[in-house]
Amino acid sequence: MQFDAGEIASIVSDMADKVGLGDRAIHIEVDERTPLGSSAVVSLDPITITVESGGFEDAKHLRHLSRESVEGVVGRHFMRTIDRLDPSFGDPPADDDMPIELYAAWDIYAVGRLERLGFPSQRERRRYHFRIRHGFTDVADRVFDRLWTGENLTWADLEAASKEALAAKPAPPKKAKAKAGQGRT
């Protein structure tokens with residue numbers, strides 16, 4: 001890999017200052033043995049984020065660091081960490097215990113706030129991810145827009161928004177049952 005720990009530390013430090021976490025101890029652990037891109041916050045004190053190297057990689061220059069990728073991955077986790085540290089936000093479950101729909105809704109809220117701070121966001125990519133989980137409906141798009149532009153939302157707000165979008169999601173089509181004697185042979 002062409003990752004420089006000092007460059008990552010500099011990017012992360014700048015971001016921490018901009019989002020309001022500059023006074024906290026932060027550790028970034030990069031697993032350069034895998035090209036995958038999984039990432040997670042594994043501790044809040046100190047803030048510790050683990051990232052598989054693909055999460056920080058430049059998609060156009062494989063095995064090279066992308067500042068935009070670092071900002072996107074770390075920034076999203078920073079915003080979610082800020083929420084978890086704020087008692088008024090509520091008490092969301094651990095990420096591994098969270099339904100994927102709620103995880104996606106929280107990501108939208110986190111990345112929307114990042115965009116307003118001037119960080120890259122890939123808004124339409126995020127909208128697509130939200131639609132996959134919540135349905136390709138006008139209601140889902142309106143909920144997405146509310147989450148994206150939201151300020152001071154709580155965990156209960158995120159749960160209600162996700163539930164609202166899911167309620168409008170069409171049921172999957174029912175499979176036709178084969179009549180007796182008309183099955184495959």
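What share of the 185 residues of the chain counts as buried? In this predicted model, the share is 37%. The secondary structure comprises six helices and five strands. Read from the N terminus, the order of elements is α-β-β-β-β-β-α-α-α-α-α. Along the principal axes, the C-alpha atoms occupy a box of roughly 70 × 45 × 25 Å. Among contacts in the chain with a separation of 6 or more, 57% are made by residues 24 or more positions apart.

Charged side chains were examined next. The chain carries 26 positive and 31 negative charges. Their mean positions lie 11 Å apart. Side chains of opposite charge can pair when their charged atoms come close. The structure contains 16 salt bridges.

One of these salt bridges joins the side chains of arginine 113 and aspartate 83, at 2.8 Å from N to O. The pair connects distant parts of the chain, with arginine 113 in helix 3 (residues 100-116) and aspartate 83 in helix 2 (residues 67-85). The two residues are 30 positions apart. Arginine 113 has a relative accessibility of 9% and counts as buried. Aspartate 83 is buried too, with a relative accessible area of 5%.

A salt bridge also forms between arginine 126 and aspartate 107, at 3.9 Å from N to O. Arginine 126 belongs to helix 4 (residues 123-134) and aspartate 107 to helix 3, so this pair ties together parts that are 19 residues apart in sequence. Arginine 126 is buried, at a relative accessible area of 12%. Aspartate 107 counts as buried as well, at 8% relative accessibility. Both residues belong to a salt-bridge network that also includes Arg76, Arg80, Arg84 and Asp95.

The side chains of aspartate 141 and arginine 131 meet in a salt bridge of 2.8 Å, N to O. Here aspartate 141 lies in helix 5 (residues 138-149) and arginine 131 in helix 4, ten residues apart. The two partners fall on opposite sides of the 20% limit for burial. Aspartate 141, at 18% relative accessibility, counts as buried. Arginine 131, at 23%, counts as partly exposed.

The structure holds six aromatic pairs. Among them is the edge-to-face pair of tryptophan 106 and tryptophan 155, with 5.3 Å centre to centre and 65° between the planes. This pair links distant parts of the chain: tryptophan 106 sits in helix 3 and tryptophan 155 in helix 6 (residues 155-167), 49 residues apart. Tryptophan 106 is buried, at 0% relative accessibility. Tryptophan 155 is likewise buried, at a relative accessible area of 5%. Phenylalanine 144 and tryptophan 148 form a stacked pair, at 5.4 Å centre to centre with 20° between the planes. Both residues lie in helix 5, four residues apart, or about one turn of the helix. Phenylalanine 144 and tryptophan 148 are both buried. Ring pairs also join Phe89 to Trp106 and Trp155 in a cluster.

Definitions and conventions: Residues numbered from 1 in each chain as written. Predicted model: local features only at pLDDT ≥ 70, side-chain atom pairs only at ≥ 80, totals over all residues. Heavy atoms only, no water. Buried < 20%, exposed > 50% of the residue type's maximum accessible area, 1.4 Å probe, protein only. Contact = heavy atoms within 4.5 Å. Lys, Arg positive; Asp, Glu negative; His and termini not counted. Charge placed at Lys NZ, Arg CZ, Asp CG, Glu CD. Salt bridge = Lys/Arg side-chain N within 4 Å of Asp/Glu carboxyl O. Phe/Tyr/Trp six-rings, centres within 6.5 Å; stacked < 30°, edge-to-face > 60°.
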